Amino acid sequence: MSRPEPRFSVAACVIVGAILGVILGSVHLAPGPAEALERLPSVLHLHSDLSTGDFSLERLTAMAEQQNIGALLLTENFLLRIEYGLPPFRALTRAIRSERSVLDLGIDRYLERVRQARAANPRVLIVPGVEVLPHYYWTGSPLALDMTVHATQKNLLVFGLDEAALRALPVAGNKFAGFGSSSVLDALPAVLVVPGVYMLVRTRRGLRRVGRAVVVVTRRRWVAGAALCGVAVLAVVRGWPFAEGAYSPYRDLGLAPHQDVIDYVDHRGGLTVWSFPEARDAGERWVGPVKVSWQTPPHPDDLMRAARYTGFGAVYEDTTRVDRPGESWDRLLGEFAAGDRSRPAWAVGESGFHGFTAGKTLGKIRTVFLVEDRTERAVLDALRRGRFYAVEQEADGELTLAEFALRAGGGVAISGDFARAAEATPIEIAIAVEAAAGTAGPREMRVTLVRNGAVVRVWVGPPPFRTVYRDVFDGAPSFYRLDVRGPGHLLSNPIFVRRS
């Protein structure tokens, strides 16, 4: 994948809605026929110059409009701050690396800038979100001349929170958790002001020979007193307000910080998306004689270990495996279909756009939402319910999912819907894939229908492609999804079926 150059933080939604059903003959289907919904091409995960991006919000909306992109799901960096301090007085000795972020700008100002950009170009919807780094940790030591910071790219994208909820996000560097043992150690050097002031104000008498005479002189310990006072003031300045974060950056805490962020967002009605779970980020830099490395290995297994998040980056500018038939995503969907997991996880197209470096373009990776109207509420509802598909463009073409619907008993279910059917109920799955307008001549594509993690049918041919796949429900929990490749890549979200 063509990622922005490594940063010490980058990049991040949980499903909270229940899927409703209506009784239609022997089949219970979620409401909302696809015909009543509008396709809204969108870019999910991008940054403006409010954080680490190159372009203003107004420039981004202008570029989006030129490419027929209807919505931008903005993910400005919430807090870009990595620090290291020597024990035991870490605040006093810490070194900090930071970049522009939402907390630096102010959450209220960030949301106001989004409102201004919306008003300036109402034809492109901006949905404000943030990219968060729940936790990072250090190994090694500067005394050993070798140290590594881990998991700085193990990020989550967060949408749908209000200003108050954003302010208290339990993520690395957002020190809101109150006071603890580290607060005491950080504040302890401040007591040096007492002996420092004592040395400055206390006079000491002594004798000094001046020629043949001996005189009495008074002295103060200016240097020592000023040094102690200076250390005390520095401790207050560097440690204030002496609050500590939820998690120490000096221990590997596993997945707990990420799950805590997911649950925090979920409880407040927001949505969480795992960012680039199969991307790798590594590098090193010398700071004097000390080698400082950063490392974030691919972490697709975390999708199985975590729960209650909304989705994950499945289509982006890199080779991915998690979306292949029978891999992690299908196992996760199977657990949900069987009732062993409370939430599914939807596959999103994730851009990660900062600017035109490394061959990046704004609209190459898109998430196409099926929405009732072009509003923030409608987009977030579609994201929550899985009513969208992910698509990667190629230079000479883009695929469009014109139809993916399950029909049985007179009802219709689309991506993200849940159908309930009696055993032996006939099922029809209508599939239509087209090439977007402007796509260069016919090109062969491969349309794969996946049921319960197994490939049940593959069609090969040029777009436009239409077919109806017929099946009979065997009574076991099931799901169907599409994977289409060439030109580009299109990935649908699943339709579930359970016994009524």
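Q: How many salt bridges does the structure hold?
A: There are 28 salt bridges in the structure, each being a side-chain nitrogen of Lys or Arg within 4 Å of a carboxyl oxygen of Asp or Glu. Bear in mind that this is a predicted model, where local features need pLDDT of at least 70, side-chain atom pairs count only at pLDDT 80 or more, and totals for chains, interfaces and linings use all residues. Residues are numbered from 1 along each chain as its sequence is written, and side-chain values use heavy atoms, with hydrogens and water left out.

Q: OK, what does Glu376 pair with?
A: Glu376 makes a salt bridge with Arg118, at 2.5 Å from N to O. Glu376 sits in helix α12 (residues 376-385) and Arg118 in helix α4 (residues 107-120), so the bridge ties together parts 258 residues apart in sequence. Helices here are DSSP runs of H or I, at least four residues, and strands are runs of E, at least two, numbered from the N terminus.

Q: And Asp266, which residue does its side chain meet?
A: Arg343, in a salt bridge of 3.3 Å, N to O. Asp266 is in helix α9 (residues 256-267), Arg343 in the loop between α11 (328-337) and β17 (346-349), 77 residues apart.

Q: Is Asp266 buried or exposed?
A: Buried, with a relative accessible area of 8%. Buried means under 20%, exposed over 50%, partly exposed in between (1.4 Å probe, protein chains only). Arg343 counts as buried too, at 17%.
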